Amino acid sequence: VPPGAPQHREMRTHVIHGDGSLAEPPMPPAPGVAHVQCGNGKPFTARVERQDKGQREVSVMSFCLKGGSPAQSLEGLRHARARVSADTHLSPEAKAEVLRQIDAEIARLEKIA
């Protein structure tokens, strides 16, 4: 995109609870910035960047893991992995990258759980 050229930005935020219910997301703190509040949980974020037909596409998926022990976080992350794996709306490339990042975090947590 040439400097000064108008750019199209689109941001979609979907918040899905562990039971599958859809929640209304809080307003982002600034345009183009998603914000996730996890309460007592711990956030885990996977980020995917790619080029598609000359356009830069950035996908960010945030998951709220249960607070407390690494074993509790592992449980939540494994559940999130199953949901991402079953998601039919993600591109195969984005899904593979998000799953790779989740798997790396699962492996890290397994070492300390």
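## Close-ups of a helix pair and its surroundings

**Figure 1. Two helices crossing.** Helices α1 and α2 make a left-handed crossing. Keep in mind as you look around that this is a predicted model. The two helix axes come within 10 Å of each other, and they cross at roughly 160°. Angles over 145 degrees count as roughly antiparallel, so α1 and α2 are roughly antiparallel to each other.

**Figure 2. Where α1 meets α2.** Which residues of the two helices meet here? On the α1 side you'll find Pro70, Ser73, Leu74, Leu77, Arg78, Arg81, Val84, Ser85 and Ala86. On the α2 side, look for Lys95, Val98, Leu99, Ile102, Asp103, Glu105, Ile106, Leu109, Glu110 and Ile112.

**Figure 3. The whole chain, for orientation.** Let's step back for a moment. The chain has two helices and four strands, and if you walk along the sequence they come in the pattern β-β-β-β-α-α. Of the 113 residues in the chain, 22% are buried. Now take the contacts in the chain with a separation of 6 or more: 45% of them are between residues 24 or more positions apart.

**Figure 4. The largest nonpolar core.** Zoom in and you'll meet a core of 16 residues, the largest nonpolar one. The residues with the most contacts inside this core are Phe44, Phe63, Leu77, Val84, Val98 and Ile102. Which elements give two or more residues to it? They are β3 (42-52), β4 (55-65), α1 (70-86) and α2 (92-112). Helix α2 gives the most, with six residues.

**Figure 5. Val84 and its contacts.** Val84 is one of the residues with the most contacts inside the largest nonpolar core, and it is also on the α1 side of the helix meeting. What does Val84 touch, once you leave aside its neighbours within four places in sequence? The list is Met61, Phe63, Leu90, Lys95, Val98, Leu99 and Ile102. Among these, Lys95, Val98, Leu99 and Ile102 are residues of α2 that meet α1.

**Figure 6. Gln101, tucked into α2.** Gln101 sits in helix α2. Is Gln101 buried or exposed? Its relative accessible area is 15%, and buried means under 20%, so Gln101 counts as buried. Skip the residues up to four places away in sequence, and Gln101 touches Phe44, Thr45, Ala46, Arg47 and Val48.

**Figure 7. Val60 on strand β4.** Val60 lies in strand β4. With 46% relative accessibility, Val60 is partly exposed, because that label covers values between the 20% limit for buried and the 50% limit for exposed. Not counting residues up to four places away in sequence, Val60 is in touch with Thr45, Ala46 and Arg47. Those names also turn up among the residues that Gln101 touches. Now look across to Ala94: Val60 and Ala94 are 34 residues apart in sequence, with 9.9 Å between their C-alpha atoms.

Figure 8. Arg108 is another residue of helix α2. Arg108 has a relative accessible area of 43%, which makes it partly exposed.

Figure 9. Ala113 belongs to the segment after α2. At 60% relative accessibility, Ala113 counts as exposed, since exposed means over 50%. Which residues does Ala113 contact, leaving aside its neighbours within four places in sequence? They are Pro70, Ala71 and Leu74. Ser73 can be found here too: Ala113 and Ser73 are 40 residues apart along the chain, and their C-alpha atoms are separated by 9.2 Å.

Technical notes. Residues are numbered from 1 along each chain as its sequence is written. This is a predicted model: local features need pLDDT of at least 70, side-chain atom pairs count only at pLDDT 80 or more; totals for chains, interfaces and linings use all residues. Side-chain values use heavy atoms; hydrogens and water are left out. Buried means under 20% relative accessible area, exposed over 50%, partly exposed in between (1.4 Å probe, protein chains only). Contact means heavy atoms within 4.5 Å. A nonpolar core is a set of buried Ala, Val, Leu, Ile, Met, Phe, Trp, Tyr and Cys residues joined through side-chain atoms within 4.5 Å. Axes are lines fitted to C-alpha atoms, for helices over the stretch in contact, and angles run from 0 to 180 degrees between N-to-C directions. Angles under 35 degrees count as roughly parallel, over 145 as roughly antiparallel, 65 to 115 as roughly perpendicular and the rest as oblique. A crossing is left-handed if the near helix is turned anticlockwise from the far one by less than a right angle, and right-handed if clockwise.
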